Amino acid sequence: MTVAAHDPRPKKVQIADALRTEITGARLPAGHRLASLRDLAERFEVTTVTIGTALQILMDEGLITSVPTRGYFVQTPPTDADEATGPVKRDEINAINSEIRELAARVAELERRAGQKGSA
């Protein structure tokens, strides 16, 4: 399977979506070890870096976990109780990043103004 060139979504999102479908469709059950980065890169015809970022999306969603020197494994699906305290969702992360960028821009503007007043 390759990523679709005509798809407007980034490659990492296409890959994460494909793997998510396999995980939620029970094709990859809890505890299942995912293929290596190299094998996934060959499967999707992308670099291992792209695969790594796709897997990070799934880790952020709590669907998989990384075990050092062993690989990536499918997590046990969260219960409703886990959802309240579970990992932050991608939309929440994007909203937080947006707020941080806005605050950084405001601080930079304040620092610029303070520098102009100090040199006058």
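This is a predicted model: local features need pLDDT of at least 70, side-chain atom pairs count only at pLDDT 80 or more; totals for chains, interfaces and linings use all residues.
A residue is called buried when its relative accessible area is under 20%, exposed when it is over 50%, and partly exposed in between (1.4 Å probe, protein chains only). Residues are numbered from 1 along each chain as its sequence is written, and side-chain values use heavy atoms, leaving out hydrogens and water.

How confident is the predictor? The score to look at is pLDDT, its confidence in each residue, from 0 to 100. The protein chain has a mean pLDDT of 86, and 88% of its residues reach 70 or more.

Thr 50, Ile 51, Ala 54, Leu 55, Ile 57 and Leu 58 are the buried residues in α3. They lie on the same side of α3 because they cover an arc of only 145 degrees around the axis, the arc being that of the directions from the helix axis to the C-beta atoms. After α3 comes Gly 62, which has a positive phi, near 80 degrees.

Now turn to α2. Here Leu 40, Ala 41 and Phe 44 are buried. Their arc is only 105 degrees around the axis, so they share the same side of α2. Arg 38 and Glu 42 are exposed on the other side of α2. The cover over the buried residues of α2 includes α1 and α3.

Where do these helices meet? In soluble globular proteins, nonpolar side chains tend to be buried together. A nonpolar core is a set of buried Ala, Val, Leu, Ile, Met, Phe, Trp, Tyr and Cys residues joined through side-chain atoms within 4.5 Å. The largest one here has 22 residues, of which Ile 15, Phe 44, Ile 51, Leu 55 and Leu 58 touch the most other members. Two or more residues come from each of α1 (11–24), α2 (37–44), α3 and β2 (71–74), and α1 gives the most, with six. Setting aside neighbours within four places in sequence, Leu 58 has contacts (heavy atoms within 4.5 Å) with Ala 16, Leu 19, Arg 20, Ile 23, Leu 63 and Ile 64.

Charged side chains have a part in the picture too. A salt bridge is a side-chain nitrogen of Lys or Arg within 4 Å of a carboxyl oxygen of Asp or Glu, and the whole structure has eight of them. In one of them, Glu 61 meets Arg 20 at 2.9 Å, N to O. Glu 61 lies in the loop between α3 and β1 (64–67) and Arg 20 in helix α1, so this pair ties together parts that are 41 residues apart in sequence. Both Glu 61 and Arg 20 are buried.

Another salt bridge joins Arg 112 to Glu 109 at 2.4 Å, N to O. These two are three residues apart in helix α5 (residues 90–119), about one turn of the helix.

Note on methods
Helices (H or I, at least four residues) and strands (E, at least two) are DSSP runs, numbered from the N terminus. pLDDT is the predictor's confidence in each residue, from 0 to 100.
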